[in-house]
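Hi,

Here is the structure I promised to pass on.

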Amino acid sequence: MSIRLLSDSLISRIAAGEVVERPASVVKELVENSLDAGANEISVWVEGSGTSLIRVSDNGGGIPFEDIALAVESHATSKLKEESDLLKIATLGFRGEALSSIASVSKMELLSRTQNHEMGSRLRLEGGKNGEPTMVGSPVGTTVEVRDLFYSIPARRKFLKSPSTELSHISDVINRMALSHSHVHFRLDHAGKTLSDYVVTSRLEDRLQQVLGPDVAGSMVPFAGGHGPVKISGYLSAAPSSFSNSRYLLSFVNQRFVRDKIITHAILQGYETLLMKGRYPAVVLFLTVPFGEVDVNVHPAKFEVRFRKQSEIHDAVAGAVRSGLKREAKEPGLKTSSGEWLLPTNVREGPVPYGTVSRDSLQLFRNDLFRSDTVETPSGAQGIRKGFFSSLTILGQLLGCYIVCQSQEGMALIDQHAAHERIAFEKMRLQIEQGKMERQDLLIPQVFELPFAEAAILGQWLGGLEHLGFTVEGFGGDSFAIKAVPALFPAGDYRDVMRRMIAELAEVGHSTELSQELQERLMTLACHNVIRANRILTREEIYALLEMLDEIDFATQCPHGRPVFIEFSQSQLERMFKRS
Ligand SMILES: Nc1ncnc2c1ncn2[C@@H]1O[C@H](COP(=O)(O)OP(=O)(O)O)[C@@H](O)[C@H]1O
Ligand SMILES: [Mg+2]
């Protein structure tokens, strides 16, 4: 074996592999260049799956004749001047690698003119070999044409998916850039057919409508947050609408689309207990941070970033999402038009179904939940305003389970179990937060035995459970006794719910620290115990329930993310009866 240096052309093809994964990567790099050049008109023309032709034209600043040959050299860029610039990158590109990489795996032609030159310049390249630039007539701006992509690396061609898949990747690329650059006109044509045409708009809502369509965009509301130089803004779907995958989770850092685990985690944490398992929200999030606080030089295709103060960013994002949702839940209404959320999906909870009436359980039900005076709102003002729920006109109760009301829009149905669960959950959260978890001692401790492994795990978590209001003590061997439970829960048998909480703890393993997420999961389990069966409510009880929903946060969803209420507008009702 002898070691040899690779030839330049081989080096650039290897490097191209990182940047140019598929036709959509070419579109991404070229459109980024157009944006960096200050264009506000960008049109993309694609033929086949992008392998026959990709042409990107812009009306940006253009490349002067004397620079055009240099632009396609590797590591040639006009965007970094000195080393320290790398620490404060304000452009989308900076690596100086895109044009040379694309040129090394395709047949490329550049046509460009700047404002200050009468004539434009043209440069043709094939397999990375430069032709001579020539002077030609050209409009101001730049057009880059890429033909026969990957003709020199057939292996890469084999990995491409069907033309429609490649095209949808291209369209995703343009959609993302369009969301963060609403002042730019984007157009995508495929084989002579216009697929997208996003005219310039000063309102982000309009761009959302153009890109995401009226159904998804219509379910979203604006939110904002952040502190100091970290600014957060965007649109999020109010809790009732959700989607079966995360494709509408779009985050941008300083206008650059990124896939960032920290941001995604923070967004989902903001939605904690508001979405059913396996459901995702739609969020378009713009994060602005000082250039020096974020490293964008992490990934060849620049999809990832690294923050200097990760946890600060995380908390700011989670907080902004949370408070946006909190505000939205106070004014619930008909924001969803997609109706996708009505479809059943699996819900994270035990096997006990909502449903059948059981007389015994009526006794289990204690009136604490109806005493609205025990609910303390963090800021007093919120409770005073007449809220959405208490302004509903109560029409009656249905099947011992639903409350039927007239709302301003039409008809509202409330699932009383889901409502009770959320109320119990929020009360419990408040008491924990304020450090005054009220407990009730059980007259007779409830003793239960566990298999050895689970007993060991429970032993580790006794402090954590105490924090949630459950006093559990060892009772000799692998037995334990529940001595007290949160006062806001009805009297009853807590051994089953305790077993389910232990199963949840066993998943986490050994630790004595209760994370926020774990705590919420346990609280959700505990609250499911609150009410199980149907119960006839008096009108006063219904009214008290509605008032309480106005006083708590996130009244629109039960802690498993199921809706607490569903509203039908007059026009929806008319449509159902074929009146319109
Ligand atoms: N559409 C364009 N308009 C104006 N200049 C461009 C355009 N595309 C590329 N350039 C010039 O070519 C250079 C090299 O582009 P590229 O290889 O993508 O590297 P980078 O974007 O990282 O600088 C850019 O720095 C820019 O000066
Ligand atoms: Mg570039």
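Below is what I found, going from the whole chain down to single residues.

Please keep in mind that this is a predicted model.

**The chain as a whole**

The chain has 580 residues, and 50% of them are buried. You'll find 17 helices and 23 strands in it. If you take the contacts between residues at least 6 apart in sequence, 73% of them join residues at least 24 apart. As for the surface, the chain exposes about 27500 Å², and 53% of that comes from carbon and sulfur atoms.

**The core**

Which residues touch the most other members of the largest nonpolar core? They are Met108, Leu110 and Phe186, out of 59 residues in that core. Helix H6, which runs over residues 163-180, gives the most to this core, with seven residues.

Leaving out residues up to four places away in sequence, Leu110 touches Ile63, Ile68, Val72, Leu99, Ser121, Arg122, Leu123, Leu125, Thr143 and Val144.

**Around the ligand**

There are 19 residues around ligand 1, and the ones that come nearest are Asn33, Thr77, Ser78, Lys79 and Gly96.

- Ser78 uses an N or O atom of its side chain, 2.5 Å from an oxygen atom of ligand 1.
- Gly96 has a backbone N or O atom 2.7 Å from an oxygen atom of ligand 1.
- Leu99 also comes in through a backbone N or O atom, at 2.9 Å from an oxygen atom of ligand 1.

On its own, ligand 1 has 530 Å² of accessible area, and the protein covers 92% of that. Helix H2 (23-36) and helix H4 (98-104) are the elements that give two or more residues to the shell. By type, the shell around ligand 1 splits into seven nonpolar, eight polar and four charged residues.

**Two residues with positive phi**

Most residues other than glycine have a negative phi. Two residues here go the other way. Asp148 is not a glycine, yet its phi is positive, at about 50 degrees. Asp148 sits in the loop between strand S7 (141-147) and helix H5 (154-158). With 28% relative accessibility, Asp148 counts as partly exposed.

Leu399 is the other case: not a glycine either, with a positive phi of about 55 degrees. You'll find Leu399 in the loop between strand S17 (393-398) and strand S18 (402-406). Is Leu399 buried or exposed? Leu399 is exposed, because its relative accessible area is 65%, and the cut-off for exposed is over 50%.

**A few more residues to look at**

Ser180 is buried, since its relative accessible area is 7%. The side chains of Ser180 and His181 are joined by a polar contact of 3.1 Å. Setting aside neighbours within four places in sequence, Ser180 is in contact with Phe252, Gln255 and Phe286.

Glu426 is in helix H12 (residues 416-433). This residue has a charged side chain, and at 7% relative accessibility Glu426 counts as buried. What is the length of the polar contact that joins the side chains of Glu426 and Arg429? That contact is 3.0 Å. Beyond its neighbours within four places in sequence, Glu426 is in contact with Ile552, Asp553 and Phe554.

Pro486 belongs to strand S22 (residues 479-486). Its relative accessibility is 0%, so Pro486 counts as buried. Apart from neighbours within four places in sequence, Pro486 is in contact with Met428, Met437, Glu438, Arg439, Gln440, Leu468, Gly469 and Phe470. Pro486 and Glu466 are 20 residues apart in sequence, with their C-alpha atoms 9.6 Å apart in space.

Last, Glu574 is in helix H17 (residues 570-576). Glu574 counts as partly exposed, at 26% relative accessibility. Not counting residues up to four places away in sequence, Glu574 touches Arg579 and Ser580.

Happy to go through any of this with you on screen.

Cheers

Note on methods:
Residues numbered from 1 in each chain as written. Chains lettered and ligands numbered in written order. Predicted model: local features only at pLDDT ≥ 70, side-chain atom pairs only at ≥ 80, totals over all residues. Heavy atoms only, no water. Core = buried A, V, L, I, M, F, W, Y, C linked by side-chain atoms within 4.5 Å. Buried < 20%, exposed > 50% of the residue type's maximum accessible area, 1.4 Å probe, protein only. Helix = DSSP H or I, 4+ residues; strand = E, 2+ residues; numbered from the N terminus. Contact = heavy atoms within 4.5 Å. Near = heavy atom within 4 Å. Polar contact = N/O pair within 3.5 Å; in protein donor to acceptor, adjacent residues only side chain to side chain. Areas by Shrake-Rupley, 256 points an atom, 1.4 Å probe, with all protein chains shown as cover.
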